[in-house]
Amino acid sequence: MSAAVRRICIVTGTRAEYGLLNPLLKELEQAPEFQVQLIATGMHLSPEFGLTYREIEEDGFSIDKKVETLLSSDTPAGIAKSVGLGVIGFADAFSELKPDLLVATGDRYEMLAAAQAALFAKIPIAHIGGGDTTEGAFDEAIRHSITKMSQLHFVTNEEADRRVRQLGEDPSRIYNVGSLGIDRILSLPKMSRAELEKSLPFRFLKRNLLITFHPVTLDAESSGEQFRELAAALHSLGPDVGLIFTKPNADPQGREIIRLLDSFAACHPNAAVFPSLGQPRYFSLIAQADAVVGNSSSGIYEVPSFHKPTVDIGDRQKGRLFASSVIHCAAKRQEIEKAVRAAFTKNCSDAVNPYGMGGSAQKIAGALRSVPDYLRLLKKHFYQAGCAEIRHGESGLSGLGGNNGDS
């Protein structure tokens, strides 16, 4: 590893993930001691999902490698094969790029493939967003698996910090930095309602909802059944409520949701569907909407910073920390309609985002700068956290200075 310049490889596979990583990419590219390597994969490379790698390039970043993972299938077998294809692609990419450190974010199956390839290539991993829990999706198991393959951990809150220690990770390697999404919110200028209407084929109505519904991967009910309940609830709101949909992720049953979504929009003039809005428009729409509806993590991580209500449907995000602005409901049409109507009158002016106030990118860069030798991180011991420590977060941090940021 070069003593002067460290090669930091960052992988992104979805539009939302790139939005989180954008502030960190900017922070690292400005630091002379780092050379950023960027790999685009997954949905970024798919015409079906808007070829969003172009947004990365439009922001001025160079993509060093494109790793194809998506198959023309969203069945469980297709997703498993995509992971295998990803492992092969990342193995080749890492062999050529030879990064000193991999930055992996969150819990997507593309990240699982990248982490596996890095593990065998003896590339240390810095994991962003570990320790959260989402009981309604197989992302839960993927997130914790990546944690165990990683050497540095950038968590978003104190509860996540405790869970990572419960998994046997050394507290001196855990940094509570808050959510990068808040950095992105603070850095992006917001578009006005008139600018949005000029930019999009959509006209705001008396009330307006921004809606994202992703597949549910562990529920007994299918994603299609749950989306039909959501569609029925939205229909019952009447034609005076504008409905702005973003399409779901490439997960099992995702194409079924897209088919139902397109069918719903075709017979509802008050609805518009977009494969990808791009973060400037997406955040601007949050600011203009009366509520954000669905089961996306964005409604949990980012929307509270806008002091807007979130209607969180079903169990996909169950287990995360929630702001007071979040309204939970079951994936049943009557409960969804009731929750949305409650959101129309909910006062969120006092909502506090539990994922921090920004500055996460600087904290991560500072931590990466402070570690003297990434290769020495590879060998880990299982940290045996005491019962009192797990319950109360009495970490007694030392060593590399973990947990040195606030959320």
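Two strands pair if DSSP finds at least two bridges between them. I kept that rule at hand while reading this predicted model.

**Entry 1: strands S1 and S2**

I started with strand S1, residues 6–12. Seven bridges join S1 to S2, and the two strands run parallel. I then looked for a facing pair. Threonine 12 stands opposite alanine 40 in S2. Next I traced the chain from S1 to S2. The path goes through helix H1, residues 15–29. This β-α-β crossover is right-handed.

**Entry 2: the other partner of S2**

I moved on to strand S3, residues 65–67. Three bridges join S2 to S3, again in parallel. Helix H2, residues 53–58, belongs to the next unit. S2, H2 and S3 together make a right-handed β-α-β unit.

**Entry 3: how enclosed is S2?**

I asked how many of the eight residues of strand S2 are buried. S2 spans residues 34–41, and seven of its eight residues are buried. Strand S2 is therefore largely enclosed by the rest of the structure.

**Entry 4: threonine 69**

I looked up where threonine 69 sits. Threonine 69 is in the loop between S3 and helix H3, which covers 76–97. Is threonine 69 buried or exposed? Its relative accessible area is 2%. Buried means under 20%, so threonine 69 counts as buried. I then listed its contacts, leaving aside neighbours within four places in sequence. Threonine 69 is in contact with Thr41, Gly42, Ser82, Leu85, Gly86 and Glu110.

**Entry 5: strands S9 and S10**

Leucine 243 stands opposite alanine 271 in S10. Helix H10, residues 254–266, forms part of this unit. S9, H10 and S10 make a right-handed β-α-β unit.

**Entry 6: the largest pocket**

Last, I turned to empty space. Rolling a probe the size of a water molecule over the atoms shows where such space is left. The largest pocket holds about 160 Å³. I noted its lining: Ile182, Ile185, Leu186, Pro304, Ser305, His307, Ala351, Val352, Asn353, Gly356 and Met357. Which classes make up the lining of the largest pocket? I found seven nonpolar residues, four polar residues and no charged residues.

Methods
Residues are numbered from 1 along each chain as its sequence is written. This is a predicted model: local features need pLDDT of at least 70, side-chain atom pairs count only at pLDDT 80 or more; totals for chains, interfaces and linings use all residues. Side-chain values use heavy atoms; hydrogens and water are left out. Buried means under 20% relative accessible area, exposed over 50%, partly exposed in between (1.4 Å probe, protein chains only). Helices (H or I, at least four residues) and strands (E, at least two) are DSSP runs, numbered from the N terminus. A crossover is right-handed if, with the strands pointing away from the viewer, the path from the first strand over the helix to the second runs clockwise. On a 1 Å grid over the protein atoms alone, a cavity is a set of points where a 1.4 Å probe fits but cannot get out, and a pocket is an open set with protein on both sides within 12 Å along at least five of seven lines; lining residues have an atom within 4 Å of a point. Grid points are joined across faces, edges and corners, and a volume is the space filled by probe spheres set on the points. Ala, Val, Leu, Ile, Met, Phe, Trp, Tyr, Cys and Pro count as nonpolar, Asp, Glu, Lys and Arg as charged, and the others, Gly among them, as polar. Contact means heavy atoms within 4.5 Å.
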